[in-house]
Amino acid sequence: MFLHVDPYPGDPILTLNEDFQKDPRTDKINLSIGIYFDEQGRLPVMDAVRQAESAMLSQIGPKPYLPMTGNPAYREAVQHLLFGADHEAVRSGRIATIQTLGGSGGLKVGGDFLKRYFPNSQVWVSDPTWDNHRAMFEGAGFQVNTYPYYDPETKGLKFDAMLSAIDALPAQSIVLLHACCHNPTGVDLNQAQWRQLIEVIQRRRLLPYLDIAYQGFGDGIEEDAFALRALADAGVSFFVANSFSKSFSLYGERVGGLSVVCPDKAQAQLVLGQLMSAVRRNYSSPPTHGSQIVARVLQTPDLRQMWESELTQMRDRIKVMRQRLYDGVVARLPGRDVRYFIDQRGMFSYTGVSPQQADALREQHGVYVLRSGRMCAAGLNANNVDRVAEAFAAVLRAG
């Protein structure tokens, strides 16, 4: 019956993580999977989450289905976090927001909506981007193309080439953009570059689709939302998928959202209705538990302050580890320019190693990074960073 079914080659990140689990070496180091680990190498339970969840356990009650759009308090909290409670777009009701199954669920529902109402558009993603971006939009039936982004020579941004390519796109092209902490490179636009890009988006009448999975891991909660708020200020209509997996350490709860910023409230209501239709065709309604945790934390002042403080500590720890890795490599390879380790932002870094060097890191040193060279800097800690620096210096020295 099913012999004609193609074998699944596996996800490169998850497959590498499985290989890590099978590796018998006791000193192995996993810098491959995009998860924040604390200084002890453990998945943290944030104190704000623990207190919110403990309070919820004292009020156990019935568990009915949520509406197709999700938990109303959570949806409000998402809008306020992304755009600010006093933003004109929030107050005027021109943002359609739904709760989704993680950020991936937001991308999926948004992709289905766009294919139905913009069937002739094509999607453009950065080169490189998170692998699932391409897969999800191709799965929705779109042709997916790339625009220039990462410069392997400078380990930075090809901004002029990026801007030129986007400036040549047809109207209503869908342009996928990382709002902050670009995955996989850690290379972001600065605010001046975002303003230039927004001018092009307006003039070319393009449809931006932003992914913000790491709000708070770049420069701060407010700072990392700059692109979203600048687009809304400029009157651009756009999509944004967000996730709380990393910022709340709620990976398995699948807590995300999709917001569509529209020209006015009437159009937002039309969009919301068809997003509900897309949800109904996919999974009918989202789960309850994770959204209740996030809403309680974000809407309880003491818990919100506690969460922001914990997120700041997580962000600062990553920056310290980046600095220590940089210092360690430079000490072993004097004169080698590896400043990109500290210039790149967020959980990920493009380390500049080749596929063969990534293999050497894994096979000879027990340090797991993707063959693209992507490293999860959140996997570094005081106990392993020096050995990682030594491993990187060794493979970079060997060429």
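User: How many nonpolar, polar and charged residues does the lining of the second largest cavity have, by class?

Analyst: This is a predicted model. By class, that lining has 6 nonpolar, 3 polar and no charged residues. Ser-126, Tyr-147, Tyr-149, Met-162, Leu-177, His-178, His-182, Leu-189 and Trp-194 line the second largest cavity. Tyr and Trp count as nonpolar.

User: What makes the second largest cavity a cavity?

Analyst: A 1.4 Å probe fits at its points but cannot get out, so the space is a cavity and not a pocket. Its volume is about 40 Å³. The structure holds 2 cavities of 30 Å³ or more.

User: What lines the largest cavity, and how do its residues divide by class?

Analyst: The lining consists of Leu-81, Ile-212, Ala-213, Tyr-214, Gln-215, Asn-242, Ser-243, Phe-244 and Ser-247. They divide into 5 nonpolar, 4 polar and no charged. The volume of the largest cavity is about 50 Å³.

User: Which residues lie closest to the centre of the largest pocket, and which helix gives the largest share of the lining?

Analyst: The largest pocket holds about 620 Å³ of space. Of its 28 lining residues, Gly-34, Ser-104, Trp-130, Tyr-214 and Lys-246 are the closest to the centre. H5 supplies the largest share, 4 residues. Helix H1 (12–22), helix H5 (102–117) and helix H6 (131–139) each give at least two. By class, the lining has 12 nonpolar, 11 polar and 5 charged residues.

User: Why is the pair of Phe-83 and Phe-238 called tilted?

Analyst: A search of the whole structure finds 15 aromatic pairs. In the pair of Phe-83 and Phe-238, the ring centres lie 6.3 Å apart, with 55 degrees between the planes. Phe-83 is in helix H3 (residues 72–83) and Phe-238 in strand S9 (residues 238–243), 155 residues apart. The pair therefore links distant parts of the chain. Phe-83 and Phe-238 are buried.

User: How do you know that the charged end of Lys-28 sits over the ring of Phe-20?

Analyst: The charged end of Lys-28 is 4.6 Å from the ring centre. The cut-off is 6 Å, together with an angle within 35 degrees of the ring normal, so Lys-28 counts as over the ring.

Key: Residues are numbered from 1 along each chain as its sequence is written. This is a predicted model: local features need pLDDT of at least 70, side-chain atom pairs count only at pLDDT 80 or more; totals for chains, interfaces and linings use all residues. Side-chain values use heavy atoms; hydrogens and water are left out. Rings of Phe, Tyr and Trp (its six-membered ring) pair if their centres lie within 6.5 Å; planes under 30 degrees apart count as stacked, over 60 as edge-to-face and the rest as tilted. Buried means under 20% relative accessible area, exposed over 50%, partly exposed in between (1.4 Å probe, protein chains only). On a 1 Å grid over the protein atoms alone, a cavity is a set of points where a 1.4 Å probe fits but cannot get out, and a pocket is an open set with protein on both sides within 12 Å along at least five of seven lines; lining residues have an atom within 4 Å of a point. Grid points are joined across faces, edges and corners, and a volume is the space filled by probe spheres set on the points.
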